[in-house]
Amino acid sequence: MTRLSHIAIIAKKEFRQYLRDRRLYLAGGLIFFLFSSASFMGRHVSQQASATERAFSSDERERWLNQADGMPHSAAHHGVYLIRPQPASQAMEPGVSLWTGAVVFLEAHNRNLFRFPPARDLGQSRRLGELSLAALLEAGVCLLVVLLAYDAIAAERESGTLRLMMAQSVSPGSIAAGKFMGTLGALAVALAPALACATAVFWGAVPWNTTVLLAATYGAYLLQVLAIVLTISSLARTSKVALFGGLTFWLWNCTVVPQAAITIVSLQWPTPNPLELQAAIIEEQSIHPTLWDRREAINRRYLDKYGVSSLLDLPVNPDGILLLEQEAYDTRATGRSVKRLYDIHRQQDRSYRWAALAAPSVGTQSLSRAIAGTDLNQFHEFADAAEEYRQRMVRLMNETTAYDSSIRTGTIHSRAEVMNVKAGKDLWGRLPRFQYLPGDLRARLTENCWMIAASILWSVASGAVLAVAVQRVQRFAA
Amino acid sequence: MSRLWTILRHEWRLMYRDGHIVLPLVIVAITSFTAAHWGRISVERQRESAQRLAAAERNRMLREQSVAFRLWKTNGPFAKAPAYGPLDPQYVRNFAGFSVIGSPTPLGALAEASDELDVAAYKVVPSGSIHTSGAAHTTVNPLQLLIGSFDLELVVIVILSLSVLGISYSIVSAERESGVASLLLSTSTHPQVLVFAKVLSRGAVVVLFCASVAAAGLWASGDNLFGVDGVERLVVWTATVLLYGFFWLMAAWFFGSIAGSSSRIALLLGGLWLASVVVIPSVLRFAAARLYPVAPRTAFLDAIRRGPDKVPANDSAKQEAFLQRHPEFAGLSLGPSGTAQLTGAARSEEWAGVLDQIVDKYEGQQQRQRKFVARWSWLSPSLLAQRTLRDAAGITGREERFRNQARTYQQALEAFYWPLLFGERVFTPDLYGLIPRFQYREEPLREVMPRTLLLVLAIAAWVGGFGFAAFLVGLRNRVFV
């Protein structure tokens with residue numbers, strides 16, 4: 001008999017054995033339930049989020065354009081809320097999108113952080129009850145592979161059939177390949193209804209190229225996990241040790257490495273907590289003289305420069321100049337703090353990716369988030385675009401206050417040494433609508449080329465390790 | 001009894017030889033102490049940053065006070081504030097206030113990642129709503145929020161439970177599969193004795209696991225242990241860890257007694273683990289969200305934006321209503337600025353009332369969701385354990401308490417600023433030292449205990465239920481058949 005026919009016979013026998021085993025149907029049922037729940041929930045949440053985003057953005061624009069006449073700087077203080085649009089693929093792979101704030105308030109003086117992470121409103125808990133299609137493929141299917149295949153080779157050794165097979169000149173490589181193919185077939189049977197249900201739920205809702213790439217990423221991951229579990233099974237002396245090894249691998253892959261890696265990088269590059277951030281802003285603002293002293297100095301400077309005694313006789317509004325100066329200080333203070341925060345997040349993200357060498361799930365997760373457009377980079381790109389828009393809005397309001405004489409009322413404020421100004425719809429309309437185009441799929445993949453390389457490396461390495469490990473089966477067979 | 005002891009010793013030796021004690025124990029101990037160490041660092045940083053912010057705000061206040069002193073010395077004394085500046089109470093309120101900072105959770109290092117989404121500080125001003133004044137929200141990397149930090153709660157819920165399952169899933173089936181059970185049935189030794197011995201030997205290992213987690217918890221608590229209720233909280237926490245560990249042992253015993261092969265038991269226990277840790281909590285949260293839907297936050301923001309329109313624009317009626325609510329200001333003779341301030345305060349108070357209704361509607365739904373999940377959490381021992389661990393660590397309900405205390409502090413600020421604002425008084429430099437400060441008060445353990453004990457009892461009921469059922473199956477002598 002040829003090597004190929006050996007593999008085919010073992011694969012067929014393994015596949016039939018799985019089909020006879022009620023475990024497969026039990027696991028398939030559980031996976032179907034989980035996949036269908038995750039798909040429906042993901043689709044529901046995603047649809048709700050995009051409907052809300054459309055309605056809120058349009059209402060907010062209307063509110064800005066139709067606000068009452070008043071001081072431009074007050075308008076900048078009342079500000080604009082921006083809501084972050086979510087890609088359709090969020091329904092499959094929510095990524096970090098549920099944990100970043102959904103809304104940012106753009107106002108004068110402050111670069112605010114995003115608020116209201118949807119996870120909070122959904123009552124989501126990081127530890128218990130994370131149910132998304134991507135999370136299930138990463139952790140749930142990995143556990144399924146461990147529970148189905150842990151004894152694939154170890155049980156043959158325990159029962160003595162391994163020795164028998166070898167006595168019939170079946171090579172260890174053929175045994176491993178046959179077991180691999182047979183288990184893969186059984187997994188396909190267990191996963192088919194669940195994947196069919198998920199496909200039906202997301203049909204037409206998620207771009208096909210995203211779906212195909214996600215399927216390829218998780219397909220490769222499944223093969224890697226299966227190869228690793230079979231390696232453990234071939235090295236373990238008993239089924240019990242194989243199960244223990246399999247569960248330890250699952251823990252290592254899905255919990256220990258990701259969580260330890262993110263904790264280590266967050267200790268190495270600590271994120272300033274909200275209190276530190278606020279303290280840093282106050283400390284930076286304290287470098288400059290107080291508002292009172294600066295107002296006096298600017299008023300005096302302009303009165304002296306133009307040789308007049310009343311603010312009303314000045315061609316420029318010193319209060320506008322003060323606001324521009326103040327905004328520059330505040331943007332520097334808050335902007336620098338927030339930029340530092342986001343830079344640290346980026347650094348943490350970059351360093352975290354090195355953990356892809358320690359566990360296949362890390363690279364798969366990173367790649368999956370990038371394909372779906374729900375990774376940290378996408379969030380930062382949007383946050384930077386929002387900050388650019390905020391600066392534009394505040395600059396427009398403050399420059400109008402400083403240099404546009406048509407909005408001056410010709411009176412001085414009763415409680416402060418400033419000119420009264422009043423603007424209206426003309427000014428509000430000069431601020432264009434916020435527009436944002438997310439990076440395309442090709443760019444996202446280019447950014448994650450190292451994660452693609454890590455996934456390929458794991459596929460090759462897990463296959464090679466299995467090939468080496470099965471050669472040792474002979475040694476343990478007796 | 002001597003047979004039991006012999007089997008017990010034999011089992012222990014076997015487990016020791018096969019590495020079933022040392023390896024998982026090392027894993028649990030290393031992960032526990034690592035998580036505890038990181039928890040300690042995190043809590044220490046929280047404390048340091050709270051001190052840093054308090055110092056920065058104090059320095060800011062002192063700078064304004066020094067300008068006030070200079071003005072007072074060069075141009076004072078003043079009967080009225082000389083324009084918007086450091087002698088004007090309105091300016092001081094806006095530029096020299098203090099943030100309301102919540103102190104670190106008593107035993108926060110035990111579950112340091114659980115409160116990362118909570119508000120860390122409020123910027124409270126008199127005459128405003130706490131919901132619209134600034135609040136310091138999380139700065140944690142969203143990636144870290146998604147993945148979850150490596151803390152002791154994770155060790156207990158995930159690593160401890162899987163370690164217990166790893167050592168005990170074949171507690172009965174191994175004997176059945178090796179043929180020892182058939183042999184035993186032909187001797188005078190009751191199979192139940194063997195099973196008892198095996199359960200007891202695994203129980204001893206579970207105690208060792210839990211002891212290492214508890215030691216890590218003790219180390220993580222640090223000086224906080226000697227704070228108010230520290231020891232009692234740690235005792236409750238440790239008891240929960242122990243019960244949770246035994247829950248998985250009893251589950252393994254029960255499934256081992258009723259199911260066939262080791263692989264089938266492993267699959268069933270894996271299913272139970274998934275159900276307890278992922279499926280039930282998720283389904284409960286989804287059901288709660290469907291039963292008590294919360295309007296999206298954007299709808300909440302929209303309501304805040306449109307809210308002032310709901311407050312009628314009649315200022316004199318507002319003033320009258322305000323004076324009825326605050327009769328201490330009824331006899332005050334008001335100048336134009338004082339009148340404007342009073343009108344502003346009346347408007348803000350009324351607006352805050354409207355806003356509270358909107359927020360209450362929103363948070364009321366969230367509370368109902370939480371209550372729903374809590375009511376049904378007995379379905380998942382992992383959820384029960386998580387709630388108990390958080391209760392013991394002092395995390396549960398902390399955000400709500402913090403907000404309520406911040407509201408009370410706002411009233412103290414109003415009592416301080418309003419007479420100055422309405423009476424158009426100067427904010428003299430010496431008043432800077434009298435600005436009220438905030439101090440967070442922890443929830444006393446006697447208030448926590450009743451609900452925590454209920455949760456502990458619920459976990460104990462699961463442990464007892466599985467143990468009793470497994471015992472009954474064993475009594476019928478069908479374990480090895």
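**Charged and aromatic contacts in a predicted model**

Colleague: Which residue forms a salt bridge with A:Arg300, and how far apart are the closest N and O atoms?

Modeller: A:Arg300 forms a salt bridge with A:Glu296, with 3.8 Å between the closest N and O atoms. Please bear in mind that this is a predicted model.

Colleague: Where do A:Arg300 and A:Glu296 lie?

Modeller: Both belong to helix 12 (residues 291-306) of chain A, and being 4 residues apart they are separated by about one helical turn. A:Arg300 is partly exposed at 49% relative accessible area, and A:Glu296 is also partly exposed, at 36%.

Colleague: How many salt bridges does the whole structure have?

Modeller: A search over all chains finds 30. One of them pairs A:Lys13 with A:Glu156, their closest N and O atoms lying 3.0 Å apart.

Colleague: Is A:Glu156 buried or exposed?

Modeller: A:Glu156 counts as buried, because its relative accessibility is 9% and the cut-off for buried is under 20%. A:Lys13 is partly exposed, with a value of 36%.

Colleague: What about A:Asp384; which residue is its salt-bridge partner?

Modeller: Its partner is A:Arg346, and the closest N and O atoms are 3.2 Å apart. The two link distant parts of the chain, 38 residues apart: A:Asp384 is in helix 15 (residues 376-403) of chain A, and A:Arg346 is in helix 13 (residues 318-352) of chain A. A:Asp384 is partly exposed at 35% relative accessible area, as is A:Arg346 at 21%.

Colleague: Which residues are linked with A:Asp384 and A:Arg346 in a network of salt bridges?

Modeller: The network also takes in A:Arg111, A:Glu327, A:Lys339, A:Asp343, A:Glu387 and A:Arg390.

Colleague: Which residues form an aromatic cluster in chain A?

Modeller: One cluster consists of A:Phe114, A:Tyr342, A:Phe379, A:Phe382, A:Tyr389, A:Phe434 and A:Tyr436.

Colleague: And what sits over the ring of B:Phe98?

Modeller: The charged end of B:Arg437 does, 3.9 Å from the ring centre. B:Arg40 lies over the face of B:Trp219, at 4.9 Å from the centre of that ring.

Definitions and conventions
Residues are numbered from 1 along each chain as its sequence is written. Chains are lettered from A and ligands numbered from 1 in the order in which they are written. This is a predicted model: local features need pLDDT of at least 70, side-chain atom pairs count only at pLDDT 80 or more; totals for chains, interfaces and linings use all residues. Side-chain values use heavy atoms; hydrogens and water are left out. A salt bridge is a side-chain nitrogen of Lys or Arg within 4 Å of a carboxyl oxygen of Asp or Glu. Buried means under 20% relative accessible area, exposed over 50%, partly exposed in between (1.4 Å probe, protein chains only). Rings of Phe, Tyr and Trp (its six-membered ring) pair if their centres lie within 6.5 Å; planes under 30 degrees apart count as stacked, over 60 as edge-to-face and the rest as tilted. A charge sits over a ring if NZ of Lys or CZ of Arg is within 6 Å of the ring centre and within 35 degrees of the ring normal.
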